[in-house]
Amino acid sequence: MQSFTEENYLKTIYHLAEKSSSVQTNAIAEQLQTKPASVTDMIKKLAEKGLVDYIKYQGVSLTTNGRLAAIDIVRKHRLWEVFLVDKLNFKWDEVHDVAEELEHIKSVDLIERLDEFLGFPKSDPHGDPIPDKNGRFAKTQFIKLIDLKINDLGTITGVSQHSSAFLKHLEKLGLTLGKEIEVKDITDFDGSVELLIANKPVNISREVAKHILISNNDKI
């Protein structure tokens, strides 16, 4: 059984490992806003429990047991986000911090009933995949909006930036999950993109386009 803090470390390592197979302690410290020395102490504890492999100066990686534990935390977090949005009418920019607290509930039976109650959702309100009770993720295919070309079509499937400010910005523009978009123009100067959403033109910056994920990509 992991403590609240240990679970936060495992989840953080899991997310950082999606970008790099070996995670540096400085990156963990930055993500958790703590001191590198504190990270090293916790990593040693996790290594003693068989949850991580740690080689000094080379970084940290999750063991099989560590990865399964991290995925379980991710599963709970994303299921709670679905519950908060679908059943309690929270907005997608309001749920992260609440789910951060709820993800540490230990009851397996509660989480299984929650999953069933929600209809076994495959993704959370931000489009991130939800693993099943065995830790398996449904296969998803998407492309970044920034990689689309003029006249390409697609449906907004998710986002790779979860800050409240970013999500509020997307909602203001009408760029929410499930919306169908068409690329009308791309500015050579700064890479900004003109979209058509429900016959309404919307202009977004290159930076915003980098963090919007699209599925069903096709051309007219």
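Gln33 counts as exposed, because its relative accessibility is 76%; exposed means over 50% relative accessible area, buried under 20% and partly exposed in between, with a 1.4 Å probe and protein chains only. Gln33 is placed in the loop between H2 and H3. Although Gln33 is not a glycine, its phi is positive, at about 55 degrees. Helices (H or I, at least four residues) and strands (E, at least two) are DSSP runs, numbered from the N terminus.

The model is predicted: local features need pLDDT of at least 70, side-chain atom pairs count only at pLDDT 80 or more, and totals for chains, interfaces and linings use all residues. Residues are numbered from 1 along each chain as its sequence is written, and side-chain values use heavy atoms, with hydrogens and water left out.

**Overall description**

The chain contains eight helices and eight strands. Its C-alpha trace spans about 55 × 45 × 30 Å along the principal axes. Of the 220 residues in the chain, 41% are buried. Contact means heavy atoms within 4.5 Å. Among contacts between residues at least 6 apart in sequence, 64% join residues at least 24 apart.

The chain carries 29 positive and 34 negative side chains, and the centres of the two sets lie 2 Å apart. Lys and Arg count as positive and Asp and Glu as negative, while His and the chain ends are not counted. The place of a charge is taken as NZ of Lys, CZ of Arg, CG of Asp or CD of Glu.

**Packing around helix H3**

Helix H2 (residues 25–32) packs against helix H3 (residues 36–48) at an angle of about 110 degrees, and their axes are 9 Å apart. H2 and H3 are therefore roughly perpendicular to each other. Angles of 65 to 115 degrees count as roughly perpendicular, under 35 as roughly parallel, over 145 as roughly antiparallel and the rest as oblique. Axes are lines fitted to C-alpha atoms, for helices over the stretch in contact, and angles run from 0 to 180 degrees between N-to-C directions. On the H2 side, Thr25, Asn26, Ile28 and Ala29 meet Pro36, Val39, Thr40 and Ile43 of H3.

Helix H1 (residues 4–17) also packs against H3, at an angle of about 95 degrees and with the axes 11 Å apart. H1 and H3 are therefore roughly perpendicular to each other. Thr5, Glu6, Tyr9, Leu10 and Ile13 of H1 make this contact with Ser38, Val39, Met42, Ile43 and Leu46 of H3.

Val39 is a residue of helix H3. With 0% relative accessibility, Val39 counts as buried. Not counting residues up to four places away in sequence, Val39 touches Tyr9, Thr25, Ile28, Ala29 and Thr34.

**Loop and strand residues**

Tyr57 belongs to the loop between strand E1 (52–55) and strand E2 (59–62). Its phi is positive, at about 70 degrees, although Tyr57 is not a glycine. Tyr57 is exposed, with a relative accessible area of 73%. Gln58 is found in the loop between E1 and E2. When residues up to four places away in sequence are not counted, Gln58 touches Ser22 and Gln24.

His104 is located in the loop between helix H5 (96–102) and helix H6 (108–117). His104 counts as buried, at 10% relative accessibility. Leaving aside neighbours within four places in sequence, His104 is in contact with Phe4, Glu7, Asn8 and Lys76.

Ile143 is placed in strand E3 (residues 143–144). Ile143 is partly exposed, with a relative accessible area of 25%.

**C-alpha separations**

| Pair | Separation along the chain | C-alpha to C-alpha |
|---|---|---|
| Val39 and Thr25 | 14 residues | 6.3 Å |
| Ile143 and Leu213 | 70 residues | 5.6 Å |
| His104 and Asn8 | 96 residues | 9.0 Å |
| Gln58 and Glu116 | 58 residues | 42 Å |
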